[in-house]
Amino acid sequence: MTDDEDIPADPSTLIRLGTVASVMLSPPRCVVRYGDPDTDEDCETPPIRWLAGRAGKTRNWSPPSEGEEVVLLSPDGQIGNAVALLGLNNDNAPPPGSTVAEVVEYEDGARVGYDPAAHALTAILPAGATATIEATGGITIRGDVTIEGKLTASDDVIGGGKSLKDHTHGGVQSGAAHTQKPD
């Protein structure tokens, strides 16, 4: 062998376990602390990329957390080219579920999930949280709807084809009097 490129990488440097030490959001990079098998000392990677799940026409954004356990994949054993693979559950970061239901749980306690066995989609937000659905083409809900609390509409509410703000009642004489509230 005549140069370093011909020397095969030490297998112990190709795949390692580590822990996220810090996270940069722009550009998306993280620094990972890992144990060096040759010296038994803790080392850190330079800022490296993490696996995002999808990064093409469909893209995911879910940055790692400091302290999150990762797998480092280091092509040719070069730690500067490593990529952090996220998503290892352990005693410090147990999974948020133990059924077939898929769940995403956030640091503040919010949970979004789908249970295919129960055919149920849930989004549970902590106190004071808000939700926004923006669909300029409209929203269609098929099925019964229950609302606890006040419903405010900026324009009109139409039920059974009748406008709440523009409908009229027959058999009522115009004047200063008001009708009674509905029963």
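# Report on the predicted fold

Glu107 is placed in the loop between strand 7 (102–105) and strand 8 (111–115). The model is predicted, and local features need pLDDT of at least 70, side-chain atom pairs count only at pLDDT 80 or more, and totals for chains, interfaces and linings use all residues. Residues are numbered from 1 along each chain as its sequence is written, and side-chain values use heavy atoms, with hydrogens and water left out.

Glu107 counts as exposed, at 86% relative accessibility. In this scheme, buried denotes under 20% relative accessible area, exposed over 50%, and partly exposed the range in between, for a 1.4 Å probe and protein chains only. The C-alpha atom of Glu107 is separated by 22 Å from that of Val71, 36 residues apart along the chain. A second pair is formed by Leu88 and Leu17, which are 71 residues apart along the chain, with their C-alpha atoms separated by 9.9 Å. Leu88 belongs to the loop between strand 6 (83–85) and strand 7, and counts as partly exposed at 31% relative accessibility.

## Nonpolar core

The largest nonpolar core has 12 residues: Val20, Cys30, Val32, Tyr34, Cys43, Ile48, Trp50, Val70, Leu72, Ile79, Ala82 and Ala84. Two or more residues of this core come from each of strand 2 (29–35) and strand 5 (69–73). Strand 2 makes the greatest contribution, giving three residues. A nonpolar core is defined as a set of buried Ala, Val, Leu, Ile, Met, Phe, Trp, Tyr and Cys residues joined through side-chain atoms within 4.5 Å. In soluble globular proteins, nonpolar side chains tend to be buried together.

## Surface patches

A nonpolar patch on the surface consists of Ile133, Ile139, Ile141, Val145, Ile147 and Leu151, and together these residues have about 670 Å² of accessible area. Patches comprise residues with over 30% relative accessible area and no salt bridge, like charges being joined within 9 Å and nonpolar side chains (Val, Leu, Ile, Met, Phe, Trp, Tyr) within 5 Å.

A negative surface patch is made up of Asp10, Asp38, Asp40, Glu41 and Asp42. In the charge assignment, Lys and Arg count as positive and Asp and Glu as negative, whereas His and the chain ends are not counted. The place of a charge is taken as NZ of Lys, CZ of Arg, CG of Asp or CD of Glu. Asp42 is found in strand 3 (residues 42–44) and is exposed, with a relative accessible area of 61%.

## Salt bridges

A salt bridge requires a side-chain nitrogen of Lys or Arg within 4 Å of a carboxyl oxygen of Asp or Glu. By this rule the count comes to three salt bridges.

| Acidic residue | Basic residue | N to O distance |
| Glu44 | Arg33 | 2.9 Å |
| Glu105 | Arg111 | 2.7 Å |
| Asp155 | Lys165 | 3.3 Å |

Lys165 lies in the segment after strand 11 (162–163) and Asp155 in the loop between strand 9 and strand 10, so that this pair links distant parts of the chain, 10 residues apart. Asp155 is exposed, with a relative accessible area of 58%.

The salt bridge of Glu44 with Arg33 has its closest N and O atoms 2.9 Å apart. Glu44 is in strand 3 and Arg33 in strand 2, so this pair ties together parts that are 11 residues apart in sequence. Glu44 is partly exposed, with a relative accessible area of 43%, and Arg33 is partly exposed at 36% relative accessibility. In the pair of Glu105 and Arg111, Glu105 is partly exposed at a relative accessible area of 45%, and Arg111 is partly exposed at 27%.

## Backbone features

Most residues other than glycine have a negative phi, and most peptide bonds are trans. Ser26 and Pro27 are joined by a cis peptide bond with omega of about -5°. Pro27 is found in the loop between strand 1 (15–24) and strand 2.

Asp76, which is not a glycine, has a positive phi of about 60°. Asp76 occupies the loop between strand 5 and strand 6 and is exposed, with a relative accessible area of 65%. His119, also a residue other than glycine, has a positive phi near 55°. The location of His119 is the loop between strand 8 and strand 9, and His119 is exposed, with a relative accessible area of 65%.

Technical notes. Accessible areas come from the Shrake-Rupley method with a 1.4 Å probe; for residues, only the protein chains shown count as cover. Helices (H or I, at least four residues) and strands (E, at least two) are DSSP runs, numbered from the N terminus.
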